[in-house]
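Hi everyone, thanks for coming.

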Amino acid sequence: MVKERNKPYIIGVDLGGTKILTVVATAQGEILLRKKEETRALGGPEVVLDQMEEDIREVIRVQGIDFEEIQAVGVCAAGFYNHRERVMVKSPNLTGWNQVPLARMLEERIALPVSVENDANAAAYGEYRLGAGRGRSHMVYITVSTGIGGGIIADGEIFHGSQGYAGEIGHITVDLHGPRCNCGNRGCLETLSSGTAIARRAAEMLASGSPSRMLEAAAMEGRQEVTARHVFTAAELGDAEAREIVGRAIEYLGAGLAGMAMLLNPEIFVIGGGVSMSGDSFFQPLREAFCRRSPGPVSENVEIVPAGLGDEAGIAGAVLLAVEEFAGKKE
Ligand SMILES: [Zn+2]
């Protein structure tokens, strides 16, 4: 293992539709240097790959290290990534990303081994190794922000399914006649429990013109449109309509979790995204909704907890997965 000791660094890249985060990290997942910039997403895959290459070369230069000291590059990216074929099949937030062999294209540019994982799977792995799921073997990670994503840890490994798309909890149908989803389906969990869904529901309620603390919460930040965060704030202040909106979103999320629990029998659900900051006013009713919809033996010992790593769960997971893939050891 002398070879690994001479290569103490991993480069991590979190490729999102709006931002690219590039880091230098240790093989234990400690981040030493960060660079964040807007994704030139409209330029298409070649432009974004140029940008990734530039960012990687820059963090290496700024950190003052050598290519020979780098074990691998770990990338997490938003989209349907076929793990077996190493191809980004489709990325809704990145223009023109259809059937892009991301790992190979980046390897050709920088001559380092590259591992790629879907962002929610990487975040699940990050939380499992370093965050709220530490020490557990069966974990489901769910991120609730503008959309809803998820990743499954089964027996200490990411459960990929046949192609790598397992864990897409946001697109489980929870209402046969619910709102239309971006994916084309109706009544996906994402259309009922995401931040976007909460904000849309608030806008519908407010259209009737009744006064609400949701508007006050938005106005306090100098904004006219009400976001999910304003709805949560108003609910905590006792606003009846806001409470109804939050309660409904939580009820659907609890039903989604109950379905996952029946299928996977996890020890713990780790919830990330904006809502994970909401504290007990969110988690207590979520636990209750979950228990109402799961039979005793399944729900009894399941914990539902906020994520521990915030925005950096994905990149931490991507770094550790790169170590795993190319060094073949856990710690
Ligand atoms: Zn959907």
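Asn265 is found in the loop between H9 and strand S12 (268–272). Its phi is near 50°, a positive value in a residue other than glycine.

Before going on, a word about what you are looking at. This is a predicted model: local features need pLDDT of at least 70, side-chain atom pairs count only at pLDDT 80 or more, and totals for chains, interfaces and linings use all residues. Residues are numbered from 1 along each chain as its sequence is written.

Ala111 also has a positive phi, near 55°, and is not a glycine. You'll find Ala111 in the loop between helix H3 (102–110) and strand S8 (114–118). Is Ala111 buried or exposed? Exposed, because Ala111 has 7 C-beta neighbours inside 10 Å.

Now let's step back to the whole chain. The protein chain has 12 helices and 13 strands; these are DSSP runs, numbered from the N terminus, with helices (H or I) of at least four residues and strands (E) of at least two. Along its principal axes, the C-alpha trace spans about 65 × 45 × 35 Å. For 331 residues, a compact globule would have a radius of gyration near 20 Å, and the protein chain agrees with its 21 Å. That radius is taken over C-alpha atoms, and the globule rule is 2.2 Å times the number of residues to the power 0.38. Buried residues make up 49% of the 331.

How is the chain divided? The domain assignment gives domain 1 (2–125 + 312–327) and domain 2 (134–307), with bounds from an automatic or database domain assignment. Their C-alpha centres lie 28 Å apart. The contact takes 13 residues from domain 1 and 17 residues from domain 2, where two residues are in contact if their C-beta atoms, placed from the backbone, lie within 7 Å. On the domain 1 side, strand S5 (80–82) and H4 each supply at least two residues. Which element gives the largest share of that side? H4 does, with 5 residues.

H4 has another partner worth a look. Helix H4 (residues 119–130) and helix H12 (residues 313–327) pack at an angle of about 80°, with their axes 6 Å apart. Axes here are lines fitted to C-alpha atoms, for helices over the stretch in contact, and angles run from 0 to 180 degrees between N-to-C directions. H4 and H12 are therefore roughly perpendicular to each other, since 65 to 115 degrees counts as that, under 35 as roughly parallel, over 145 as roughly antiparallel and the rest as oblique. Among the residues that meet are Ala122, Tyr125 and Leu130 in H4, and Ala316, Leu320 and Leu321 in H12.

One last stop is Leu237, in the loop between helix H8 (228–236) and helix H9 (240–264). Leu237 is partly exposed, with 13 other C-beta atoms within 10 Å. That's my tour, and I'm happy to take questions!

How values were computed
Buried ≥ 20, exposed ≤ 12 C-beta atoms within 10 Å, placed from the backbone.
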